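Please look over the sequence and the 3D structure below. A short report comes after them.

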Amino acid sequence: MRVLLIGANGYLGRFVADRLLADPAVQLTALGRGDDADVRFDLASGSPGALTRFLDAVHPGVVINCAGATRGGARELTRHNTVAVATVCEALRRSGCGARLVQIGCGAEYGPSQPGSSTAEDAVPRPGGPYGVSKLAATELVLGSGLDAVVLRVFSPAGPGTPAGSPLGRLAEAMRRAMQSGDGELKLGGLGVQRDFVDVRDVARAVHAASLSAAQGVINIGSGRAVRLRDAAAVLARVAGYGGALHELDGPPGPLRAAIGHPRSESDHAAPTAYPYPDGCGSWQQADVRTARDRLGWRPRINLEESLADIWMEAACRI
């Protein structure tokens, strides 16, 4: 099976590439903006015609799109998350390869949900920020393209390689600094947020399964369990061997980068976020993952403690 992987050097893409390379039946080609990609191509600025010519030459059976941006203004997010996907869809429509498309979406497309609830794929998406809006627009492009396509809505990925700017990444960095300086207490804020964390290696398994399946439409990929960031901090402290006290600061969460110990810069004061939660998902998010079980035969295998241990191992190497 010939697979074209877009965004192989990204957080999710690296693990998807590893998973596919472990399958002897897969012939993998990586397309991206970096020098180490098999083919250099920028989806945000490249033309559908140029991508079509490449698709016709390689003739993949599956195209997996892990590319995208999680940070930036609305214009940048739209360019990398929406326009780029429009390019992929148009190129596939023009190409004679007939490839199946596996698009990586995100839980932020749903927006805030009722505490205690599980969000299923038939929920009406109401993204609460520009990132979720840009990803939802991409999903709608894929679903309306007429292609053989599936969108995996990944909730909150965790585990090795977790970006330092993510909530768990910032949490680990705050704890690393506290241990390095010998602080006997760690003051954190905004830890009441609850998210559905799923290990990035489990996400890669889901992408692999989706590429082999005939499933179409939207499929949630998560653990099926919301975890309070406060509880994740306690597990991380235990994994790290941090014996100090964890104190939660009062007040609204604000931007999570300030909420979990990252000092505000002047630019933070000059341009505060317009959204109380940076991902636009409110205080609670939990995936209903029954569709992934039923249509992909997929279940998460790696628990949050193992994911946090891997996050800490990388953070500890910076001490």
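The report covers the model, its sheet, the packed helices and the cysteines.

## The model

This is a predicted model: local features need pLDDT of at least 70, side-chain atom pairs count only at pLDDT 80 or more, and totals for chains, interfaces and linings use all residues. Residues are numbered from 1 along each chain as its sequence is written, and side-chain values use heavy atoms, without hydrogens and water.

## The sheet

Seven strands make an open, parallel sheet in the order 3-2-1-4-5-6-11. Helices (H or I, at least four residues) and strands (E, at least two) are DSSP runs, numbered from the N terminus. Two strands pair if DSSP finds at least two bridges between them. Strand 3 (39-40) and strand 11 (217-221) are the edges. Each has a single partner strand, so one side of each lacks a neighbour in the sheet.

Strand 1 (residues 2-6) and strand 2 (residues 27-32) run parallel, joined by five bridges. L5 stands opposite A30 in strand 2.

## Helices on the sheet

Helix 2 (residues 48-58) packs on the sheet. Helix 2 touches strand 1, strand 2, strand 3 and strand 4 (62-65); contact means heavy atoms within 4.5 Å. The direction of helix 2 makes about 165° with that of strand 2. Axes are lines fitted to C-alpha atoms, for helices over the stretch in contact, and angles run from 0 to 180 degrees between N-to-C directions.

Helix 4 (residues 130-143) also packs on the sheet. Helix 4 touches strand 5 (100-106), strand 6 (149-154) and strand 11. Its direction makes about 160° with that of strand 5.

## Cysteines

The disulfide count is zero, where a disulfide is a pair of cysteine sulfur atoms within 2.5 Å. For C281, the nearest cysteine sulfur is that of C106, 7.3 Å away.

C281 is buried, at 1% relative accessibility. C317 is exposed, at 65% relative accessible area. Buried means under 20% relative accessible area, exposed over 50%, partly exposed in between (1.4 Å probe, protein chains only).
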